[in-house]
Amino acid sequence: MRYYIGAEARLRRTVEDVAMSVFEGWNYEEVITPSVDYYDLFEQGMGQREAQRGFRFTDNDGRLLALRPDVTSSVARMAATLLAERPRPLRFCYAAPVFRQQSQSHAEWRRENTQLGCELIGVGGQPADLEVLRLAAEILLRLNLETTYCITINNVEIFNGVAASLNLDTRAREQLRRLIDTREAAELRRFLNGYANEGQAFAQPTQLTGKRVVIDAARSLITNARSCAALDALDQLWTAIESLGLEDSFEIDLGDVSSLDYYTGLCLKVFVYGAGSSVGRGGRYDGLTGSFGRAEPAVGFVLNLDALTEVLARRGSLD
Amino acid sequence: MITIAIAKGRMQDSALVLLASAGIHVSEAKLSSRRLALSDESGDYRFIFVKPADVPVYVEHGIADCGVVGRDVLLESEADLLLPLDLGIARCRIVVAAADPQAMTKVQGMIRVATKYSQITRAHFGARGIPVEIIQLSGSVELAPALGLADMIVDLVETGVTLRENGLTVIEEIAESTGRLVVNRASYQLKAGAVTRLVNALTDALNGSK
């Protein structure tokens, strides 16, 4: 629970306005979605584990409702149903609070967070991925965070391809995922000892993060077609980032495997000096709209307005 | 500059020895002062000394970029941190201990367990469907069975002397615990070079000492 009073509220409003004006400049239409919706919607959109973090309650007729734990689910359903006939691509943006239960011990803990987000629906491939990365970078630039942010990018299919080619069952796959996610070097080496070459790509956690050299190192160890295609896509995306002169603000992080079941290609996280956890995340989720009856590619991200405001407030001002 | 939170107590001395062998020295004069925050001789690192349970808190919030703390504390806190290195220091075990070796099957009704580690205890017994009443204490847990507060305890054991002197025996081992290097997720990306240098220096020091 958090109050913003006077100058703080103004700062927060300014941050929101900056983001929304950047979205508008890229032709993203604002969308306002219901704060309360049927719980089923969010379970379909986010998967059971994440949706269960929502606050749930029942309607008069006994049906389960939830305070929206995310906006993307609602936008995806809207695209698949209300706007099924609209020509693609669709570009939407929003500034909206989301509500989640979280264990109190965690630093990110807040029941309510306002997301500044965008969704680009109906186009796949590199141009769309690059578009949302440029959007995120432009917002951070306009907030004068230019030299103090870092966006990490990865493609989840690199891990998925390796896990498939190692024939990992669900449990072993989750164990490998967790060890990579927390960078437990010794345990990783022990785990991967039982497996052939490809797994070794993940055996040195400190070599998973960096610039293009990370991709080259992974290429020398990974041979399965699925991962190679993902590495090629990431490589091309990196080339595009370099040609825009943005490579100082971006990092490749092959160890970002935190939401493998949600994203289907690109995934990204946003870090800013002064914030102890990521202040934004996103990626490609081509599987999402399919669960509402119309499968099509989609990519997007959210920034955490409250976290950004806090960083900027501590810094003194926007100037 | 990188800030490292170090768990006070058992961990502190062996952590400083290890850091020194990795080329990160803190002068004796500074250490003997009572200051809780001090920097190393190169000025690249700042150390803060806090209670073990607070290390994950400082690191998760990014106030400290890195931390040195026992696995027991990490299991208990469930903090979302990176765990790049097992430092192998301050080795000990988290165990279930009781006066009677057969306590697990002999206790009538709900088993009462006294511990500082309620999360670990809940997870350990919960995984096997054994209902327990957890009695949260903050120290001298070994006293609890003798005074009738609990049937057994879950606690850290290094040598086993304290357990024996209080008439307790280990009936189950839950996990082994050693000192870990933990890193904040944002620092890992934003200060990648410095964090990697620290991890590599410590890795070399560990390999050298084997």
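**Close-up views of a predicted two-chain model**

**View 1. Polar contacts link chain B and chain A.** Across this interface, 6 residue pairs are in polar contact, with both partners at pLDDT 80 or more. (A polar contact is a pair of N or O atoms within 3.5 Å; within protein, one must be able to donate a hydrogen and the other to accept it, and residues adjacent in sequence count only if both atoms are side-chain atoms.) On the chain B side, strand E5 (82–86), helix H9 (185–190) and helix H10 (192–209) each put in at least two of the residues that touch chain A. H9(B) gives the most, with 5 residues. By class, this side of chain B splits into 10 nonpolar, 7 polar and 5 charged residues. (Ala, Val, Leu, Ile, Met, Phe, Trp, Tyr, Cys and Pro are nonpolar; Asp, Glu, Lys and Arg are charged; the others, Gly among them, are polar. Helices, H or I with at least four residues, and strands, E with at least two, are DSSP runs numbered from the N terminus.)

The model is predicted, so local features need pLDDT of at least 70 and side-chain atom pairs pLDDT 80 or more, while totals for chains, interfaces and linings use all residues. Residues are numbered from 1 along each chain as its sequence is written, chains are lettered from A and ligands numbered from 1 in the order written, and side-chain values use heavy atoms, with hydrogens and water left out.

**View 2. Here is how much surface chain B and chain A bury between them.** The two chains bury about 1900 Å² (accessible area for a 1.4 Å probe, lost on being put together and summed over both parts), and 53% of that sits on carbon and sulfur atoms. Of the area that chain B buries against chain A, 34% comes from Tyr188(B), Gln189(B) and Leu190(B), more than any other three residues supply. In residue terms, 22 residues of chain B are in contact (heavy atoms within 4.5 Å) with 24 residues of chain A.

**View 3. Salt bridges turn up between the chains and inside chain A.** Over all chains, the structure holds 35 salt bridges (a side-chain nitrogen of Lys or Arg within 4 Å of a carboxyl oxygen of Asp or Glu). Between chain B and chain A the count is 2. Arg180(B) pairs up with Glu187(A) in a salt bridge, with the closest N and O atoms 3.0 Å apart. In chain A, Glu310(A) forms a salt bridge with Arg110(A), at 2.8 Å between the closest N and O atoms. Glu310(A) sits in helix H11 (residues 305–315) and Arg110(A) in the loop between strand E5 (90–99) and strand E6 (112–121) of chain A, so this pair ties together parts that are 200 residues apart in sequence.

View 4. Of the 40 lining residues, the closest to the centre are Asp72(B), Val73(B), Lys116(B), Tyr117(B) and Leu156(B). Helix H1 (10–21), helix H3 (55–60), helix H4 (71–77), strand E9 (152–157) and helix H8 (161–165) of chain B are the elements that give two or more residues to the lining. H4(B) gives the most, with 4 residues. The lining has 17 nonpolar, 12 polar and 11 charged residues. (On a 1 Å grid over the protein atoms alone, a pocket is an open set of points with protein on both sides within 12 Å along at least five of seven lines, a cavity is a set where a 1.4 Å probe fits but cannot get out, and lining residues have an atom within 4 Å of a point.)

View 5. Strand E10 (266–272) and strand E11 (280–284) of chain A are the elements giving two or more residues, and E10(A) has the largest share, with 3 residues. The lining divides into 5 nonpolar, 3 polar and 3 charged residues.

**View 6. Two backbone details sit in loops.** The peptide bond from Arg88(A) to Pro89(A) is cis, with omega near -5°. Pro89(A) belongs to the loop between helix H4 (72–80) and E5 of chain A. Over in chain B, Glu78(B) has a positive phi of about 55°, although it is not a glycine. Glu78(B) is in the loop between H4 and E5 of chain B.
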